[in-house]
Amino acid sequence: MRASCDFCFRKCSIEEGEYGQCHVRKNSGGKIVSPHYGEIPAIALDPVEKKPLYHFLPGTKTLSLGASGCNLFCDFCQNWTLSQRISKGEHISAEKAVSYAIRNRIPSISFTYSEPLVWQDFMISTASMAREKGLRTVMVSNGSFSDEALKRILPVIDAFNIDVKGDEDFYRKICHGSLAPVLNGLEGIAGKHVEVTTMIIEGIHTPSMIEKIGKELYQRGISVWHLSRFYPNYKMNNRKPTSELYLAKIIKIAKTSGVPFIYPGNSFLKADNHCPHCMKPIYTPPLSGECPNCGERIYGVWT
Ligand code: SF4
């Protein structure tokens, strides 16, 4: 008997004994299950800025957990050994992860490295327990939620970093997905702490594509946008890395979008942001929630 998975925008209808497009969710006896539930090949303690989140508990560490799998198939994937194949990992329970974070005074747990949407059952049970114990939770995602996933995930996640990878054409040709569910996802998580990342591939991310993305982000009230340099990887390992010069040019264009805080990533460039109220320069990433000049509240979660 076929059965459907509602974990992401693809809504795969799966034959008995087969897997969905992510190779993570399986139809077993007419029920969709996660055979690798709780297997976590990637565990690390990271600075929260590495997610990247620059306006969420700055200067703190986060316990990062990553299971295998993804629902997109980006040719440039920087983590493809984890996202594009199923790796065996240590079996971690929600209790074990949460008690480790508490014992070591780590204020947050992040679900990251691959695509947590496809292992959201593990993420939701771990995040629920983490929040009950007073920890914060972070989801680093491509944002292609289904409506059902959004309803389940919103109550248990405090902060999101969402990749907005390119325009619709870019998603179709290079990610084998679609931009539309990502933009819907950004609307769905409005009200939570949200930062967005776009990885810039020189020669593909043109100034006009960045203008288009910037417009979509501004319309959705996004305040923090990370633009990071591409390094050759996976099926795009024969391209040149994006140059610092090109990233600087793209950042200049991104600044015309009206998104107030823009950060270079994988780069030696320094951020150059201003208080959206008094327009005086702000040392960024900021360490507190107020402009040192005019006292205006700065977007973020600071304590
Ligand atoms: S998580 Fe997404 S890609 Fe995977 S089976 Fe479910 S709907 Fe399909």
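Residues are numbered from 1 along each chain as its sequence is written. Because the model is predicted, local features need pLDDT of at least 70 and side-chain atom pairs count only at pLDDT 80 or more, while totals for chains, interfaces and linings use all residues.

Some terms: strands here are DSSP runs of E with at least two residues, helices are runs of H or I with at least four residues, and both are numbered from the N terminus. Two strands pair if DSSP finds at least two bridges between them.

| Strands | Direction | Bridges |
|---|---|---|
| Strand 6 and strand 7 | antiparallel | six |
| Strand 7 and strand 9 | parallel | four |
| Strand 9 and strand 10 | parallel | four |

You can follow these pairings residue by residue. A44 sits opposite S64 in strand 7. L63 has I109 of strand 9 as its bridge partner, and I109 also stands opposite T137 in strand 10. Another residue facing strand 10 is F111, which is opposite M139.

**How covered are the strands?**

Is strand 10 enclosed or open? Six of its six residues are buried, so strand 10 is largely enclosed by the rest of the structure. "Buried" means that 20 or more other C-beta atoms lie within 10 Å of the residue's own; with 12 or fewer it is exposed, and in between it is partly exposed (C-beta atoms are placed from the backbone). Both faces of strand 10 are covered, with R136, V138 and V140 buried on one side and T137, M139 and S141 buried on the other. Strand 7 is mostly covered too, with five of its six residues buried.

Moving on to strand 11 (residues 159–163), you'll find F160 there. F160 counts as buried, with 24 C-beta neighbours inside 10 Å. Leaving aside neighbours within four places in sequence, F160 is in contact (C-beta atoms, placed from the backbone, within 7 Å) with M139, S141, I189, K192 and V194.

**Helix 2**

Which residues of helix 2 (residues 94–103) are buried? They include A97, V98 and A101. Seen down the axis of helix 2, its buried residues fall within an arc of 90°, so they line one face of the helix. That arc is taken from the directions between the helix axis and the C-beta atoms. As background, an α-helix has 3.6 residues a turn, so residues three or four places apart point the same way. The face of helix 2 turned away from the buried side carries the exposed residues E95 and R103. Covering the buried residues are, among others, strand 7 (61–66), strand 9 and helix 3 (120–132). Just after helix 2 comes R105, with a positive phi of about 55°.

The loop between strand 6 and strand 7 holds P52. K51 and P52 are joined by a cis peptide bond, with omega about -5°. L57 is in the loop between strand 6 and strand 7 as well. Its phi is near 45°, a positive value in a residue other than glycine, and L57 is buried, with 21 other C-beta atoms within 10 Å.

Y234 also has a positive phi, near 50°, and it is not a glycine. Y234 lies in the loop between strand 13 (224–229) and helix 8 (244–255). Is Y234 buried or partly exposed? With 16 other C-beta atoms within 10 Å, Y234 is partly exposed.

**The ligand**

Finally, the ligand has 13 residues around it, and C5, C8, C12, G20 and C22 come nearest. A residue is near a molecule if its C-beta atom, placed from the backbone, lies within 6 Å of it. The shell divides into seven nonpolar, three polar and three charged residues. Here Ala, Val, Leu, Ile, Met, Phe, Trp, Tyr, Cys and Pro count as nonpolar, Asp, Glu, Lys and Arg as charged, and the others, Gly among them, as polar.

How values were computed
Contact = placed C-beta atoms within 7 Å.
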